[in-house]
Amino acid sequence: MDIIIQSLAAVYNPMTLLLVSIGVLFGMVCGALPGLSTSMAIILLLPFTYSMDPVMAIVLMVSCYVGGSSGGSISSILLKTPGTPEAVATTFDGYPMAQKGKAGEALGLAVTSSSFGTIFSAIVMLVASPMLAQAALSFQSAEYFGLGLIGLSCITSIGAKNQVKAVVSVMIGLMVGTIGIDSINGVERFAFEQPSLLNGINYISVMIGAFAVAEVYKNIEEYRHVDTSLRTEQKVKIKLLKFSEMAKMWSSFIRGSVIGTIIGIIPAAGGSIASLIAYGSEAQDENANPKFGEGNPRGIIAPECSHNAAVGGSMVPTLTLGIPGSPVAAVIMAAFLIIGITPGPMLLREQPIMLNAIFLALITAALLLFVGGRFVTSQFGHILKLPYPLLGSLIVTLGVVGAYSLKNSFYDVLIMFTFGLVGYFFDKFKYSNAAVILGLILGEIIENSLRKQIIIGDGSGMGFFTRPVSVLVLTVAALTFLWPMMSKKLKKGKA
Amino acid sequence: MKARIIAAAMAATILATLSGSAAAQNYPKRPVEMVIPFGVGGASDIFARQYSQIVEKYLGKPLVAVNKGGAGTIEGLLHAFGAPADGYTVLEITPSLLIVEAQNKSSVKFRKEFEPIMKVQSDVVLFGVSAKSNYKTLDDVIAFAKANPKKLKIGGLSPGGLDDYIANGFARAAGIQWTYVPYKSGSELKAAVLGGELDVYQDKLISFMSLMSGGDVRPVVVLNDKRLDVPALKDVPSSVEKKINFTQGSWRGFVVKKGTPEPVKKILIEAFQKAYDDPAYKEMEKKEMTNLVPGYMKADDFRKSWDAEFDGYYKVFSELGLVKQK
Amino acid sequence: MAIEIAFNILIGLGVLFYLAQAIQLPATDNPADVLGAGGFPIVIGIIALIGLAMITIHTIKEKRKVDIPMLNLRSIDGRMVFINVLVLAAYVGLLDVVGFVLATFAYLVAAPLSMGYRKPVVLAVFSSITTAVMTVVFGIVFYVPLPRGVEFFRDLSYLIY
């Protein structure tokens, strides 16, 4: 009991509340700007934490993480440019929804889901941390492989219109993903002596090209033929969804949050994978109205809940085992060490306040996001009022800066430009750009863990079938692949 | 048009002042770029950022961190090489840059094109096993590895990097063979050790301690010439004591491009030296536990140490077939 | 249809080239790494080829016409988008020559013009403000080392960020 009061006192004082607000806001801005990741936001805050009390420093960084995870969707929805890797899946339905004049609604929905996911995972973290962390250790190479396959199974829902083209697109994405130094034996693959290709091709720059730039090209062709007066007028309406409407979609909130929390807890798999898998599981429903990929609100809720639930989830192994649950959590853990705290089981025993403080910071940040963020972000919708020639040029410029700032590298800008053209033609011929991105993101996990498991098994792949968790994950993967086809068959049978 | 004239006029003034012989006298006039050839958030990134902040006090101008993490340090190297040799660009280096040169991966030869400022610190590497493992000591591990070549799995980050060198270099020195499995991130690696996928865990001291303090990992050897002066590690033998002559760890230092004017270099070296002596750095070093093995080296000694290390990398990596032939 | 088949063939050639490269990848020194560096690429390459063949057969049967303005320079839309691609290419090319500020400003003026935007005052205000905001936010607040350009432009950029 003492501990609870102590932690409450540590978090609920004006100074810490101010820090939470700063953290959330700063994270959101960094998240919303393409190319600036949440990790970068935390690194930039780091120097200010040297002189702070450790609890305060951590509260600041955790709130920044929450804000950053949520902020990425602003540009996903408005500009079709994901601000952070976590926001990739939000473009699939968020952007079409904004195009239908519901930008404000989409943004409000995104923020609400983000805060819901954060709170959900914070509670899980507080209640079940040590137990879950141990369970997370049953996730090894074989299971990562299955997880990657589950992620890929999204294509059956994303590419519903033309399955074969979607499959070819995924393969192209996987192929692009193999460029660079082979992560197992270090040989250079498809790099043609170019140092720029050695580290592989960054999917964010590909995505900015194939999504945002290609979309601008497409709009240049069309904008003069569309009645823009009506479109702009509609676009400006900032309407937030009513709670009763949201309550109807409660299952998406829960599903997204559960998936996000679980994937957050698994070491090293963070919000970007969590949101893709949550989207894939949501988009299995073919009778949805509007269809997924055409602005279905549930296509925003699930990934948004999921990547923010991964925030709390990823803190579980970070705090209890000293193993970061996501790339951003790894940065936070490095910051812990600088401040002089060693995460791990000892931390929870010696400084029980820390866990409670992080819990309270998560909850407070989420509430702040919910109350303030909902209204602030929906105002961003006004940007769509710009006449298209200006808006389009703005999107491209942001894309260029965004691609550049990923690694401060000019090559990423070239990649963006190239994939702008590739994406344009893929669109025209009904190949799926989303599937390319999916292959690119997941290819590495799939190939890497497949080969690692075979090496661990001394050349045999039996490990995939003798490990219980692996069998479970692979079965889920197989089912998600086959479900759309099976459900069609079933329906035909009935009819 | 007007703007262009003004811009041209302004630029002309700057050019005049910059190109003047006074370059060294009033150095530094603007912020200095600290090129970090790694991504954001790793140990080397955070070290460079923290150290820059201390140097700033003595240099009088800020050091701005620039992450150029592409292509396994090559992009950072190329960026620093592409900037003028005027002392406004400092490059952080670790063994990775020597390894890149040893593997013949970059067209810019690091040792030929850069000059040292100083080496600041060294990290020490430990090997351990999971607490649940059957191996209790280094002797158990080595005995098993001798009886079953290539059966033991040791993890690390990146293929052909420093971890690969340490794993294989140690095995060479100990006369054993094991399989090196590279992981994408430290978290995956640690989870693989605790989950039982890997037999041997290697990590630098500070990260090692975080797993060890929870009782999840049992240390078996310190890659050093003597035991470490840390209470929790006083019973852990050093590699040299075990007659395995291999003590590689990571280290961090700074360089500038060759051709930087001597007076400018002197100012830089002085500022970096003062930062090293600053209590703030000592504090930082203590927290990160990088003060246990001697790392500090003055520019001349630092330069000499490169060649010796380079030879070691070249030997091990050519045996592994990772040196690019041209 | 012809364009689409040409496109498929282009992709097919790309995949074949990829496969040819993959087969040449060196064998691994680790006998337990059964797939090696080339195994996975070969598998996905072959799946892609099979898929492409199916698509091409389908295209020939279907005979659907696809309209691609970018390749039809006789239409206004086509010219507009084509010029815009060139303007972007010029922007990207200039970034490392004249530096971020000038290149961005030039692009923000040229791109809307190429899309037929004709309000000089609004355009000037928009371009200056956007360039300024981006430079300040990315270059100064977030310490992104924006491209500085060469020689003269490099020195100029130190005045700003």
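**View 1. Strand S7 of chain B and its neighbour, strand S6, in a predicted model.** Five of the five residues of strand S7 (residues 179–183) of chain B are buried, so this strand is largely enclosed by the rest of the structure; a residue is called buried if 20 or more other C-beta atoms lie within 10 Å of its own, exposed if 12 or fewer, and partly exposed in between, with C-beta atoms placed from the backbone. Helices (H or I, at least four residues) and strands (E, at least two) are DSSP runs, numbered from the N terminus. B:Thr179, B:Val181 and B:Tyr183 point one way from S7(B), whereas B:Tyr180 and B:Pro182 point the other way, and all are buried. In a regular strand the side chains alternate between the two faces of the sheet. Strand S6 (residues 153–157) of chain B pairs with S7(B) in the parallel sense over five bridges, where pairing requires that DSSP finds at least two bridges between two strands. Within this pair of strands, B:Gly155 stands opposite B:Val181.

The model is predicted, so local features need pLDDT of at least 70 and side-chain atom pairs count only at pLDDT 80 or more, while totals for chains, interfaces and linings use all residues. Residues are numbered from 1 along each chain as its sequence is written, and chains are lettered from A and ligands numbered from 1 in the order in which they are written.

**View 2. The open sheet of six strands in chain B.** The strand order is S2-S1-S3-S10-S4-S11, with mixed pairing. Strand S2 (63–67) and strand S11 (297–298) of chain B stand at the edges, each with a single partner strand, so one side of each is left without a neighbour in the sheet. Strand S4 (residues 114–122) and strand S10 (residues 251–257) of chain B pair in the antiparallel sense over seven bridges, and B:Phe114 stands opposite B:Lys257 in S10(B). Helix H2 (residues 43–59) of chain B packs on this sheet, touching S1, S2, S3, S4 and S10 of chain B, and its direction makes about 160° with that of S2(B). Helix H10 (residues 262–277) of chain B also packs on the sheet, touching S3, S4 and S10, with a direction at about 0° to that of S4(B). Axes are lines fitted to C-alpha atoms, for helices over the stretch in contact, and angles run from 0 to 180 degrees between N-to-C directions; two residues are in contact if their C-beta atoms, placed from the backbone, lie within 7 Å.

**View 3. The two domains of chain B and the residue B:Pro95.** An automatic or database domain assignment gives domain 1 (30–122 + 250–319) and domain 2 (125–233) of chain B. B:Pro95 lies in helix H4 of chain B and, with 23 C-beta neighbours inside 10 Å, counts as buried. Leaving aside neighbours within four places in sequence, B:Pro95 is in contact with B:Leu162, B:Ser250, B:Trp251 and B:Glu309.

View 4. Among the buried residues are A:Met40, A:Ile43 and A:Leu46.
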